[in-house]
Amino acid sequence: MHRLLRKVSGQPSRRKTTILLLMSVVFFMLPSGVLAQRKYSKNYPAGRIVRLELTNRSGTVTVEGWNRPEINITASLEAPSAIVQPQSLDDKIVINLIKDNAGRGDVGNVNFTIRVPYYTAVDIETRIGNLTVSNIRSTLVRAHISTEGDIVLTNIASVRVSGENLSGDIFFDGVLQTGGYYRFSSMQGNINIHIPVPSSFKLVATAPSTRAIDLGAFAGGEMRTVGDGRRIVGQSGDGLASMQVTNQKGTISFVRR
Amino acid sequence: MDTELDEPRAALVRAHLAECAGCAKTCEDLAEIVDVCKSGDPAEIVPPNSKAMWCRINNILESEIKPEPLPKIEDTRRRIWRFTLPQIAAAMLTIALVSSLVTVAAIRNYLTPAADDFTSRSAESQTMLERLMAKVGLGDTPQKARERRLAQQTAAIEYWNRRVQERKQQWDARMREAFDKNINLIDESVTEYTQILQTDPDDEITGEMLDSALDDKMSLLREFAEL
């Protein structure tokens with residue numbers, strides 16, 4: 001009976017010990033990057049700002065257009081933390097992590113989420129990482145990845161659109177503008193273009209290695225194959241926009257939006 | 001002399017001849033001529049050397065006649081610019097044709113992107129004007145242009161590669177890995193396209209892809225040299 005009483009009275013302290021042990025195990029099991037992650041957040045009134053220029057080293061970048069006259073920049077910085085110093089210039093915001101961290105060999109990923117007025121020209125690039133841009137109706141959307149990463153451009157209605165990477169997929173979903181110029185280029189990956197039917201554009205699509213060019217609903221008509229199927233050249237509708245798609249070792253597909 | 005004047009007038013003439021030596025001499029000369037003519041002997045009238053006399057007369061005449069003014073140069077020039085209507089029309093047509101060709105060539109040069117300046121084009125895609133220019137040494141053949149462009153790209157790649165090698169040790173492992181993987185990917189493509197062009201130098205698409213791959217390599221090196 002005494003033994004039983006001792007057991008019951010000792011239970012809370014044992015439980016505490018167990019919980020503490022478990023917590024310490026979980027603490028040490030967590031990746032160090034998560035613990036060292038820092039947050040950055042800043043808001044700017046849009047005012048006369050009509051352009052966003054971002055150059056990242058590594059990490060993901062997500063830019064979303066919204067119907068508010070302000071710019072919201074948030075970033076999560078992995079250790080060793082990069083220096084992030086956005087510059088609000090006359091008509092644009094410039095964030096250049098290459099310049100801000102010049103000479104620093106080891107810099108952790110920086111993952112950006114930026115919200116801008118939908119009419120903002122967006123020019124973003126990174127050395128490694130994914131780029132996502134959505135809901136933009138402006139003069140320019142440019143997404144450039146120096147090495148590897150996916151590019152996703154959704155609900156875009158800009159006059160000049162460019163997506164370039166070496167390894168990774170490129171996805172474009174949007175509406176082509178009259179007089180617009182659209183360029184998508186990859187060394188290896190899949191390029192998918194979602195545009196409405198009908199759309200008016202001139203096309204030069206080249207896939208020299210795979211010859212895998214699927215025009216979908218835009219096939220036939222004034223489209224013709226050249227160079228043993230390595231390239232398709234032609235026009236859809238009145239050809240009011242120009243599109244150039246090059247995938248050196250991957251595929252190109254057009255899908256009805 | 002001929003007794004044709006009435007007496008009062010004859011008296012006035014005699015009075016004048018008595019006073020004026022010049023007129024008196026002239027009168028004497030005339031009187032002698034009249035006398036000779038009246039003698040009626042033709043042998044006396046014919047001069048001993050008629051040719052010599054005519055020569056003298058000619059000389060006197062020539063010396064007295066003013067030399068004709070030389071034709072003015074302006075007149076000659078005016079004559080040069082005198083064209084017929086067909087000549088003018090032909091000249092205008094030639095000028096219009098030449099200026100049109102020059103304008104077309106200038107517009108083509110202006111509008112055509114630099115990457116397309118034969119570097120990625122085959123001989124088949126050359127226009128007549130371009131072929132003509134290449135023949136007279138004013139333009140490049142596609143192969144020459146490609147070689148020239150390739151040399152420029154190679155030089156730039158070497159430069160940026162040196163810069164990258166200086167800094168590469170400072171990068172973290174992930175950055176080095178991504179760089180190496182993608183530079184190898186580009187090099188594979190460059191090798192593949194170069195081999196195709198060795199067997200078929202006129203392959204336009206391959207020429208263009210080689211140019212594009214080398215541009216990609218140059219950009220990658222430049223962008224990583226900044227890190």
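A: From the N terminus on, the elements of chain B run α-α-α-α-α-α-α-α-α-α. Here helices (H or I, at least four residues) and strands (E, at least two) are DSSP runs, numbered from the N terminus. This is a predicted model, in which local features need pLDDT of at least 70, side-chain atom pairs count only at pLDDT 80 or more, and totals for chains, interfaces and linings use all residues. Residues are numbered from 1 along each chain as its sequence is written, while chains are lettered from A and ligands numbered from 1 in the order in which they are written.

Q: How many helices and strands in chain B, then?
A: Chain B has ten helices and zero strands.

Q: What share of chain B is buried?
A: Of its 227 residues, 15% count as buried. A residue is buried if 20 or more other C-beta atoms lie within 10 Å of its own, exposed if 12 or fewer, and partly exposed in between, with C-beta atoms placed from the backbone.

Q: Which helices of chain B face chain A?
A: The contact takes 21 residues from chain B and 20 residues from chain A. Two residues are in contact if their C-beta atoms, placed from the backbone, lie within 7 Å. On the chain B side, the elements that give two or more residues are helix H9 (173–199) and helix H10 (204–225).

Q: Which one gives the most?
A: H10(B), with nine residues.

Q: What kinds of residues are on that side of chain B?
A: Twelve are nonpolar, five polar and four charged. Ala, Val, Leu, Ile, Met, Phe, Trp, Tyr, Cys and Pro count as nonpolar, Asp, Glu, Lys and Arg as charged, and the others, Gly among them, as polar.

Q: How do H8(B) and H10(B) cross?
A: The axes of helix H8 (residues 142–167) of chain B and H10(B) come within 8 Å and cross at roughly 25°. Axes are lines fitted to C-alpha atoms, for helices over the stretch in contact, and angles run from 0 to 180 degrees between N-to-C directions. That makes H8(B) roughly parallel to H10(B); angles under 35 degrees count as roughly parallel, over 145 as roughly antiparallel, 65 to 115 as roughly perpendicular and the rest as oblique.

Q: And which residues make the contact?
A: Among them are Trp160(B) and Val164(B) of H8(B), with Leu214(B) and Met218(B) of H10(B). The contact divides into nine nonpolar, three polar and seven charged residues.

Q: Switching to chain A. What is the strand order in the sheet?
A: The order is S5-S6-S2-S8-S10-S12-S14-S20-S16-S19-S18 in an open sheet of eleven strands with mixed pairing. Two strands pair if DSSP finds at least two bridges between them.

Q: Which strands stand at the edges?
A: Strand S5 (87–88) and strand S18 (224–226) of chain A do, each with a single partner strand, so one side of each is left without a neighbour in the sheet. S18(A) pairs with strand S19 (residues 231–236) of chain A in the antiparallel sense, over three bridges. Val226(A) stands opposite Arg231(A) there.

Q: Where are the parallel ones?
A: Strand S10 (residues 140–145) and strand S12 (residues 160–164) of chain A run parallel, joined by five bridges.

Q: Is Val245(A) buried or exposed?
A: Val245(A) is buried, because 24 other C-beta atoms lie within 10 Å. Its place is in strand S20 (residues 241–247) of chain A.

Q: What does Val245(A) touch?
A: Leaving aside neighbours within four places in sequence, Val245(A) is in contact with Phe184(A), Ile191(A), Ile193(A), Ala205(A) and Ile252(A).
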